Amino acid sequence: MSNRRPVNLDIATIRLPITAYASILHRISGVALFFVAAGLLWLLDTSLSSPTGFAAVRECLDGPFARFLLWGSLVALGYHFAAGIRHLVMDLGVGESLEGGRRGARWVFAATAVLAVLAGIWLW
Amino acid sequence: MVTNATSFSRSGLSDWLLQRLTALILAAYTLFLVGYLALHPDLDYAAWARLFAGLPMKLFTLAAAVSLAIHAWIGLWTVLTDYVTERLLGPVATPLRLALEIAMILVNLGFAVWAIDILWGV
């Protein structure tokens, strides 16, 4: 193969297809959930430490800012979950074509929108 | 064969499989915990502590915590090796990536130890 063929790896000059947005958001939500995990471990630790700690966690999560942060975390979790299921489905050989990949990406965005609304109903 | 010193299992195929196995455990744990919290809106401390005091829930939580550490290790390693590169950041990239990888590994190990410490006290 000729190694002098033109290569464009400057991602900023490429219009991304929906599958690329699905992929990069899976990564971004994953990195975000790494930080969310620290918060969830703190909540678990405090809530299980004593009845006082449990009450403190309930009170903390009642604040509007904490509730919004929790909602955002649930949306990131919902997206990462749906995109992960899509990966597993594709591992089974389903939806691997170009059109299948586009359909899967649209399905993941739609599922996340539903989960975001459900999380909002749950929290408020 | 080129092996990598900071990937979780030193093998791409093994990392691939572990990422999926840990994903299934984390998915099951997430569904259980979200379902439990949704079904118990008036949860109090006694019921919450009782849930985590049982051996099955302790083992389930331990499995989820270990899975989280492995899953995040593999995922963050992939992200760091893709974006903290000499092509994107210049010569500083290699020492920076190594530092970030070691920090990320230590935090993930810390998550697992923290979870064990929490379960120990219930």
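Predicted model: local features only at pLDDT ≥ 70, side-chain atom pairs only at ≥ 80, totals over all residues.

**Stop 1**

Colour chain A and chain B separately, then select the residues where they meet. On the chain B side there are 34 residues, in contact with 25 residues of chain A. Between them the two chains bury about 2500 Å², with 75% of that area on carbon and sulfur atoms. Next select Tyr45(B), Trp114(B) and Ile118(B), the residues of chain B that lose the most area to chain A. Together these three account for 25% of what the chain B side buries.

**Stop 1**

How many salt bridges does the rule find across the interface of chain B and chain A? There are two.

Now look at which parts of chain B face chain A. The elements giving two or more residues to that side are H1, helix H2 (45-53), helix H3 (55-83) and helix H5 (93-121) of chain B. H1(B) gives the most, with nine residues. Sorted by class, this side of chain B has 25 nonpolar, four polar and five charged residues.

**Stop 2: the charged pairs**

Side chains of opposite charge can pair when their charged atoms come close. Select Asp91(A) and Arg20(B): they form a salt bridge, and their closest N and O atoms are 2.4 Å apart. Then select Arg27(A) and Asp82(B), another salt bridge, with the closest N and O atoms 2.8 Å apart. This pair runs between chains, from helix H1 (residues 18-49) of chain A to helix H3 of chain B. Over all chains, a search of the whole structure finds six salt bridges.

**Stop 3: the second largest pocket**

Rolling a probe the size of a water molecule over the atoms shows where empty space is left. Select Leu74(A), Gly78(A), Leu115(A), Leu31(B) and Val34(B) to find the second largest pocket; of its 14 lining residues, these lie nearest its centre. Which elements give two or more residues to this lining? They are helix H3 (64-91) and helix H4 (98-123) of chain A, together with helix H1 (12-39) of chain B. The pocket has a volume of about 330 Å³. Colour its lining by class and you will find eleven nonpolar residues, three polar ones and no charged residues.

Terms used. Residues numbered from 1 in each chain as written. Chains lettered and ligands numbered in written order. Heavy atoms only, no water. 1 Å grid on protein atoms, 1.4 Å probe; cavity = no way out; pocket = protein on both sides within 12 Å on 5 of 7 lines; lining within 4 Å. Points joined across faces, edges and corners; volume = space filled by probe spheres on them. Helix = DSSP H or I, 4+ residues; strand = E, 2+ residues; numbered from the N terminus. Nonpolar A, V, L, I, M, F, W, Y, C, P; charged D, E, K, R; others polar. Contact = heavy atoms within 4.5 Å. Buried area = accessible area lost by both parts, 1.4 Å probe. Salt bridge = Lys/Arg side-chain N within 4 Å of Asp/Glu carboxyl O.
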